Amino acid sequence: MSFMPRFQTQAELEAHQLAGLKWTVAHAYAGSEFYRSRLDQAGVKPEDIESLDDLRRLPFTTADDLRAGYPFPLLSVPLARVVRLHASSGTTGKRKVLTYTAKDIEDWRHMFARCYEMAGLTVEDRVQIAVGYGVWTAGVGFQLGCETFGALAVPVGPGNLDMQCQFLVDFQSTVLCCTSSMALLMSEEVHRRGIADRIALKKIIYGSERTSDAMRRRIIENFGGRVELFDIPGLTELYGPGTGLECSAHQGIHYWADYYILEILNPSTLEPVPPGELGEMVVTTLCKEAAPLIRYRTRDLTRLIPEPCSCGCILPRHDRILGRSDDMIIFRAVNIYPGQIDHVLSQSQGIGSEYQIILTRGDDGRDYMTIRVERAEDAPPENDAQTAQAIAQRIKTEIMVSAKVELVPYGELPRTDRKSKRVFDHRFEAEE
Ligand code: ZN
């Protein structure tokens with residue numbers, strides 16, 4: 001059984017998208033007071049949607065709208081039709097709560113099963129799921145998708161490295177699902193215990209945070225060079241994880257354009273960026289019933305990859321998530337995204353995968369940036385000055401800012417299986 005779309009051409013996909021867009025606007029207008037008043041304010045009626053270009057006439061939806069509508073924001077069906085809710089693990093303010101009808105769950109399972117298919121799994125695979133179970137979308141998403149696909153799910157949850165390692169050996173798990181920080185931690189643990197030869201791990205599906213090329217290389221090396229990595233995007237607002245996957249060509253993430261439309265917009269002007277340029281992901285769902293999204297601003301930054309993929313799949317691609325538009329650093333009047341620094345570091349020699357960006361304000365009133373990065377495990381400290389200078393030079397050339405680069409011994413920067421904090425902005429601390 002295949003979970004891939006049956007479209008052969010771009011035109012078929014676009015016709016499907018237009019039908020979905022018309023349905024979504026009509027459904028949201030009829031079922032949600034919030035959407036009805038927003039669309040009325042924008043002067044758009046459902047029958048005005050005649051082409052995909054009419055998407056640009058629709059109003060935006062934001063995380064603030066979700067919080068304002070707490071506890072059941074964007075609800076567009078009677079509550080009796082809702083069979084489940086999920087919430088984000090937000091730490092400040094109210095959580096984002098999203099509701100699902102039975103069909104929404106069905107669609108999500110189908111999309112997620114497609115991820116396993118795209119990663120090349122078979123029903124013989126054993127999938128160790130090392131992400132959080134609970135009210136958030138990760139654990140249950142990976143699990144339902146795995147069972148729908150037909151592989152064997154091993155639901156472990158996050159952390160617990162002893163049990164993870166034991167299961168990798170005893171159950172001969174072939175696929176590991178986790179965050180990239182957790183994948184790094186697990187790879188170091190497998191390396192430290194010397195069990196790389198006793199496990200059968202072939203693939204890692206990881207998501208939910210930014211990951212550099214250097215970190216990916218490190219994970220692969222620690223597992224003895226035998227694992228293939230697949231980045232999976234995931235957003236609670238958009239069902240959860242499983243709305244796209246990196247394919248085996250490993251040049252970007254195919255996204256399920258038959259379930260949602262992706263726009264990449266300049267976060268300041270909200271106008272489309274030229275194809276291939278960095279911008280904010282804005283999504284519009286095509287068949288989501290309980291909580292449809294109309295031009296929802298995700299705050300995630302990426303770029304479209306306009307060229308066709310060598311794997312032959314016609315579903316479009318975007319790059320990895322390169323940061324959050326909220327994380328934009330304004331440094332000496334230059335807009336910088338941490339992902340850009342990540343990118344430079346991942347192409348530099350002699351350093352590890354962990355780094356921190358520290359911003360301070362000097363007595364002279366000017367802003368200073370220090371990038372603290374770990375020396376590679378096998379690199380001699382004598383090369384530090386040369387390595388630091390080479391990195392600073394690349395940052396100057398590629399991002400057009402001056403930064404001081406400091407190398408610290410391998411293993412000195414904190415590792416965590418949660419999303420790592422990498423930017424420390426101390427510039428405004430001294431001021432009252
Ligand atoms: Zn591909």
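Reply: A residue is called buried when its relative accessible area is under 20%, exposed when it is over 50%, and partly exposed in between. The model is a predicted one.

Me: Why is Asp 231 called buried?
Reply: Asp 231 has 6% relative accessibility, so Asp 231 counts as buried. Asp 231 is part of strand S7. Setting aside neighbours within four places in sequence, Asp 231 is in contact with Tyr 206, Gly 207, Arg 216, Leu 245, Glu 246, Ile 253 and Arg 320.

Me: What makes strand S7 an edge strand?
Reply: The open sheet has 5 strands in the order S4-S3-S5-S6-S7, with parallel pairing. Strand S4 (152-155) and strand S7 (228-232) each have a single partner strand, so one side of each is left without a neighbour in the sheet. Neighbouring strands of this sheet are turned by 20° against each other on average, direction ignored.

Me: How do you know that S3 and S5 pair?
Reply: Pairing requires at least two bridges between two strands. Strand S3 (residues 126-129) and strand S5 (residues 175-179) have 3 bridges, in the parallel sense. Ile 129 stands opposite Cys 177 in S5.

Me: Which strands does helix H7 touch?
Reply: Helix H7 (residues 180-193) packs on the sheet and touches S5 and strand S6 (203-207). The direction of H7 makes about 125° with that of S5. Helix H8 (residues 213-222) lies across S6 and S7, and runs at about 140° to S7.

Me: What makes the zinc site tetrahedral?
Reply: The protein donors of the zinc ion are Cys 247 (SG), His 254 (NE2), Cys 309 (SG) and Cys 311 (SG), and they lie 2.1 to 2.3 Å from the ion. Donor atoms are counted within 2.8 Å of the metal. For four donors to count as tetrahedral, all angles must lie between 85 and 135 degrees. The 4 donor atoms here subtend angles of 103 to 116°, so the arrangement is tetrahedral. In sequence the donor residues are spaced C-x6-H-x54-C-x1-C.

Me: Are Cys 247 and His 254 buried or exposed, and why?
Reply: Cys 247 counts as buried because its relative accessibility is 1%. His 254 counts as buried because its relative accessibility is 0%.

Me: Why is Leu 270 called partly exposed?
Reply: The relative accessible area of Leu 270 is 22%, so Leu 270 is partly exposed. Leu 270 is found in the loop between strand S12 (260-265) and strand S13 (279-285). Its phi is near 60°, a positive value in a residue other than glycine.

Me: What makes Arg 295 buried?
Reply: Arg 295 is buried because its relative accessible area is 2%. Arg 295 lies in the loop between S13 and strand S14 (296-302). Phi of Arg 295 is also positive, near 45°, in a residue other than glycine.

Me: Why point out such phi values?
Reply: Because most residues other than glycine have a negative phi. Most peptide bonds are also trans. A cis peptide bond joins Tyr 70 and Pro 71, with omega at about 10°. Pro 71 is in the loop between helix H3 (63-68) and strand S1 (82-87).

Me: How does the reach of helix H4 compare with the expected span?
Reply: Helix H4 (residues 102-118) has 17 residues and reaches 25 Å from its first C-alpha to its last, close to the 24 Å expected at 1.5 Å a residue. The buried residues of H4 include Trp 108, Phe 112 and Tyr 116. Gly 120 follows H4 and has a positive phi, near 80°.

Me: Why is Thr 370 called buried?
Reply: Thr 370 has 15% relative accessibility, so Thr 370 counts as buried. Thr 370 is in strand S21 (residues 367-375). Leaving aside neighbours within four places in sequence, Thr 370 is in contact with Gln 356, Ile 357, Ile 358, Lys 404 and Glu 406.

Key
Residues are numbered from 1 along each chain as its sequence is written. This is a predicted model: local features need pLDDT of at least 70, side-chain atom pairs count only at pLDDT 80 or more; totals for chains, interfaces and linings use all residues. Side-chain values use heavy atoms; hydrogens and water are left out. Helices (H or I, at least four residues) and strands (E, at least two) are DSSP runs, numbered from the N terminus. Axes are lines fitted to C-alpha atoms, for helices over the stretch in contact, and angles run from 0 to 180 degrees between N-to-C directions. Contact means heavy atoms within 4.5 Å. The expected span of a helix is 1.5 Å times one less than its number of residues. Buried means under 20% relative accessible area, exposed over 50%, partly exposed in between (1.4 Å probe, protein chains only). Donors are N, O and S atoms within 2.8 Å of the metal (3.2 Å for Na, K and Ca); water is not among the atoms, so sites may look incomplete. Four donors count as tetrahedral if all angles lie between 85 and 135 degrees; four count as square planar and six as octahedral if opposite donors are over 155 degrees apart and all others between 65 and 115; anything else is irregular.
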